[in-house]
Amino acid sequence: MMQKPWFKTFIWIISTAFFFFASAIIISYLSPEPSEQQIMKFMSGMMDAMHGSLMGLSMSLEHDTELKALIDTAAAVTIPLVLLGFLFGLFMKLRRKKDVK
Amino acid sequence: MKVKFDFVIHWLWTIVFSLLALSGLAMVGAKYGWILQYELAKADYTHRVLAAVFVILTFISIGYEVYRALKSDEKKLTWFIIGKGGYQLFTLITTLIFIITGAIIWVCMDTNMAAVSFALYIHEKLTYVVVASVIWHIYQKCHALVWPAKKQETKEPRIMKKLADAE
């Protein structure tokens with residue numbers, strides 16, 4: 001595997017990436033204090049990340065009754081479906097065993 | 001083609017770790033956001049999902065090491081990410097610190113900011129140490145980067161050629 005050209009290329013890419021990370025750390029660490037624009041971009045990025053997180057989703061969910069009802073229905077359907085799937089799997093396994101005998 | 005378990009885990013873990021490092025570095029602070037063009041929502045999502053994969057791969061590896069220890073298997077797994085000594089032990093310790101501090105950041109985010117700050121500090125500084133150590137690891141294993149030499153194709157066996165030359 002190690003001698004295959006595509007794998008060599010992959011190793012080169014991964015190795016180079018780590019040199020890029022080290023350079024990025026050094027550049028960022030030694031760079032002057034961030035400008036106001038950079039800080040604003042970072043803050044808005046973090047806000048976007050928060051909206052996408054579980055906390056942000058649950059916050060938006062609090063005001064959405066339709067979505068809340070949909071999730072309740074989905075949760076109610078999921079458990080019987082899982083049980084049915086389990087029983088069907090068990091049934092198939094037992095039937096196969098019978099066929100072998 | 002036979003591919004070994006430790007080889008697969010090594011490279012899967014490498015891919016996951018490199019993507020975690022990339023997404024994590026972009027979130028360190030305002031000075032670091034340029035790494036991913038301040039796309040922090042995507043970085044955060046990637047970091048969370050891959051962290052779960054990272055934890056699963058690490059636990060599979062630890063489980064395999066424990067299984068080997070129970071079976072008294074002393075065979076050295078050259079590609080394995082964790083082990084009893086050297087860089088493998090270093091990886092085991094740093095990985096566990098990453099997982100513990102990551103879990104503290106994740107769990108205590110809404111409750112204990114002091115714990116989150118401390119865990120974030122350790123998580124960040126450890127990343128710098130580990131990235132430097134990976135570069136050292138690449139340097140040590142740089143023979144893996146050497147491209148295989150092309151085989152010279154000969155139509156007739158060498159001995160026949162020598163005989164022909166002698167005549």
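This is a predicted model: local features need pLDDT of at least 70, side-chain atom pairs count only at pLDDT 80 or more; totals for chains, interfaces and linings use all residues.
In helix α1 of chain B, where B:Thr14 is found, the side chain of this threonine reaches the backbone oxygen of B:His10 at 2.5 Å, a distance that can be read against the definition of a polar contact, namely a pair of N or O atoms within 3.5 Å, of which, within protein, one must be able to donate a hydrogen and the other to accept it, while residues adjacent in sequence count only if both atoms are side-chain atoms.

Residues are numbered from 1 along each chain as its sequence is written, chains are lettered from A and ligands numbered from 1 in the order in which they are written, and side-chain values use heavy atoms, with hydrogens and water left out.

Chain B, to which B:Thr14 belongs, has five helices and zero strands, where helices (H or I, at least four residues) and strands (E, at least two) are DSSP runs numbered from the N terminus. Of its 167 residues, 38% count as buried. One of its helices, α4, covers residues 113–140 and has 28 residues, and from its first C-alpha to its last it reaches 40 Å, close to the 40 Å expected at 1.5 Å a residue; the expected span is 1.5 Å times one less than the number of residues. At the N-terminal end of α4(B) the cap is B:Asn112, with a side-chain oxygen 3.3 Å from the backbone nitrogen of B:Ala114.

The loop between α1 and α2 of chain B holds B:Gln37 and also B:Tyr38. Phi of B:Gln37 is near 55°, a positive value in a residue other than glycine, and phi of B:Tyr38, likewise a residue other than glycine, is positive too, near 60°. Most residues other than glycine have a negative phi.

We can now turn to charged side chains. A salt bridge is a side-chain nitrogen of Lys or Arg within 4 Å of a carboxyl oxygen of Asp or Glu, and by this rule the count over all chains comes to six. One of them joins B:Lys42 to B:Glu39, with the closest N and O atoms 3.8 Å apart; B:Lys42 counts as exposed because its relative accessibility is 55%, while B:Glu39, at 39%, counts as partly exposed. Another salt bridge joins B:Glu65 and B:Arg68, at 3.2 Å from N to O, and both residues lie in helix α2 (residues 40–70) of chain B, three residues apart, which is about one turn of the helix. Both B:Glu65 and B:Arg68 are buried, and together with B:Asp73 they are linked in a network of salt bridges. B:Glu124 forms a salt bridge with B:Lys125, the closest N and O atoms being 3.2 Å apart, and B:Lys125 counts as partly exposed at 27% relative accessibility.

Chain A has four helices and zero strands. Its radius of gyration is 26 Å, whereas a compact globule of 101 residues would have one near 13 Å, the value being taken over C-alpha atoms and the globule rule being 2.2 Å times the number of residues to the power 0.38. Along its principal axes the C-alpha trace of chain A spans about 75 × 55 × 15 Å, and 18% of the 101 residues count as buried.

B:Val3, found in the segment before α1 (5–26) of chain B, is partly exposed, with a relative accessible area of 34%.

Methods. Buried means under 20% relative accessible area, exposed over 50%, partly exposed in between (1.4 Å probe, protein chains only).
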